[in-house]
Amino acid sequence: MSRRQPQTDPPNLDAPELRALRRKLLAWYGRNARDLPWRKNRDPYRVWLSEVMLQQTQVEAVRPYFLRFTGELPAVEDLASADESRVLRLWEGLGYYRRARSLHAAAKKIVAEHDGRLPDTLEGLMALPGVGRYTAGAILSIAYDKRAPIVEANTRRLYARLMALEVDPTSTEGERRLWEFAERLLPRSGFSNFSQALMELGSLVCTPKTPRCDACPVAKHCRAYQAGAIESLAPVTRKVKFTDLREAAVVVRKADKVLVRQCGEGERWAGLWDFPRFELEAESPAGAKSEITQKVRELTGVACEPTEKIATLKHGVTRYRITLECYEARHTGGRLRSNKDSPAQWVAPSELADTPLSVTGRKLAGRIGG
DNA sequence: AACACGGGGTT
DNA sequence: AACCCAGTGTT
């Protein structure tokens, strides 16, 4: 036995209390389950897709994307045989684009190695790119109705309160305790509804701020509520410190075409296309212009002369708050450098309709007569 | 254990 | 303006 921190939490819920909790939770879910598109059936492909879309993304943001995606690519074979640009275009605006590329790669693997059937084991699922412990557990329970615990944002908060978890839930120790609790909480059957009920309660009742404990079906079994300690528990998310960044995006025009490049593997928006874009260091307008000429040349080989600033967009990317200065420029020479590592091309603005762009890229495209 | 990765909704 | 979101993968 390894050394363990002294147990500071209240005693664990005992077996009879866990049974009562499960029963009340399921009864509550029966009355309060939302009508969500991925609950129409338990098709593993749809459950998988919904879980990946829902990673770090709220239900209401996912809903329209899920409907459009399943409308166009209704089965894993459709996804596997689709072009990556089409998959990314369907994902455009949802963020965390690696999810879409991993999903696409996993679909190819499922077709090639699993005869088009999603694996139904923890190991098989976690071997797929983009599927970690949570998503594997969610698919096993929700789609296959198998016994599998889950811990994600809703359940992390719910469990932490039910247990009155004193340690930092984001620490390794906190995480271990949460998974342990999730395991003990599992019923004997009905895993599909159970997983969804847990998340639904966390989402609708056991909310981050001012949870609706008066409406909670399991408040009687909640250690934090019983101790009046809901407000004093450690937060379940980490604070992020923002860094301001100033960048430039350049619409280089050559006759009726504009210059775009595909973001590389190591950079943000990998796989998506964008206008040449880089950090801007110069403060003065004149300095900015010469810097733009230089950076566009470094990035694409193209020589250009900035003409005017056409917009300033503010947006956030993970821990950065970015002020994006958008310029127009005219092509003055140079040879376009495009290769496998860094594809670039001249396109008519109308072609951008089928090209996956970042949100800022899309906004800019909308301003140049695309 | 910390960080990168998007974008939008809520408080 | 903070805070938050049905996390995963890399370093």
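**A salt bridge between two domains**

The side chains of Arg101 and Glu265 meet in a salt bridge, with 3.0 Å from N to O. This contact is a friendly place to begin a tour of the structure, which is a predicted model. Chain A is divided into two parts, with domain 1 covering residues 15–227 and domain 2 covering residues 243–368. Across the interface of these two domains, the rule finds two salt bridges and four residue pairs in polar contact, both partners having pLDDT 80 or more.

On the side of domain 1 that touches domain 2, helix α5 (residues 84–91) gives the most, contributing four residues. Sorted by class, that side of domain 1 has four charged residues, along with two polar and two nonpolar ones. Counting contacts from both sides, eight residues of domain 1 are in contact with 12 residues of domain 2.

The extent of the interface can also be described by area. The size of an interface is often given as the accessible area lost when the parts come together. For domain 1 and domain 2, the buried area is about 810 Å², and carbon and sulfur atoms give 55% of this area. The centres of the two domains, taken over C-alpha atoms, are separated by 37 Å.

Is Phe242 buried, partly exposed or exposed? Its relative accessible area is 42%, so Phe242 counts as partly exposed. Phe242 and Arg319 are 77 residues apart along the chain, yet their C-alpha atoms are separated by 4.9 Å. Leaving aside neighbours within four places in sequence, Phe242 is in contact with Arg319 and also with Thr318, Tyr320 and Arg321.

Why does Thr57 count as buried? The relative accessibility of Thr57 is 13%, and the cut-off for buried is under 20%, so Thr57 falls in the buried class. The side chain of Thr57 reaches two backbone oxygens: that of Gln55 at 2.9 Å and that of Met53 at 3.4 Å. Beyond its neighbours within four places in sequence, Thr57 is in contact with Val62, Leu94 and Arg99.

Terms used. Residues are numbered from 1 along each chain as its sequence is written. Chains are lettered from A and ligands numbered from 1 in the order in which they are written. This is a predicted model: local features need pLDDT of at least 70, side-chain atom pairs count only at pLDDT 80 or more; totals for chains, interfaces and linings use all residues. Side-chain values use heavy atoms; hydrogens and water are left out. Domain bounds come from an automatic or database domain assignment. Contact means heavy atoms within 4.5 Å. Buried area is the accessible area (1.4 Å probe) that two parts lose on being put together, summed over both. A salt bridge is a side-chain nitrogen of Lys or Arg within 4 Å of a carboxyl oxygen of Asp or Glu. A polar contact is a pair of N or O atoms within 3.5 Å; within protein, one must be able to donate a hydrogen and the other to accept it, and residues adjacent in sequence count only if both atoms are side-chain atoms. Helices (H or I, at least four residues) and strands (E, at least two) are DSSP runs, numbered from the N terminus. Ala, Val, Leu, Ile, Met, Phe, Trp, Tyr, Cys and Pro count as nonpolar, Asp, Glu, Lys and Arg as charged, and the others, Gly among them, as polar. Buried means under 20% relative accessible area, exposed over 50%, partly exposed in between (1.4 Å probe, protein chains only).
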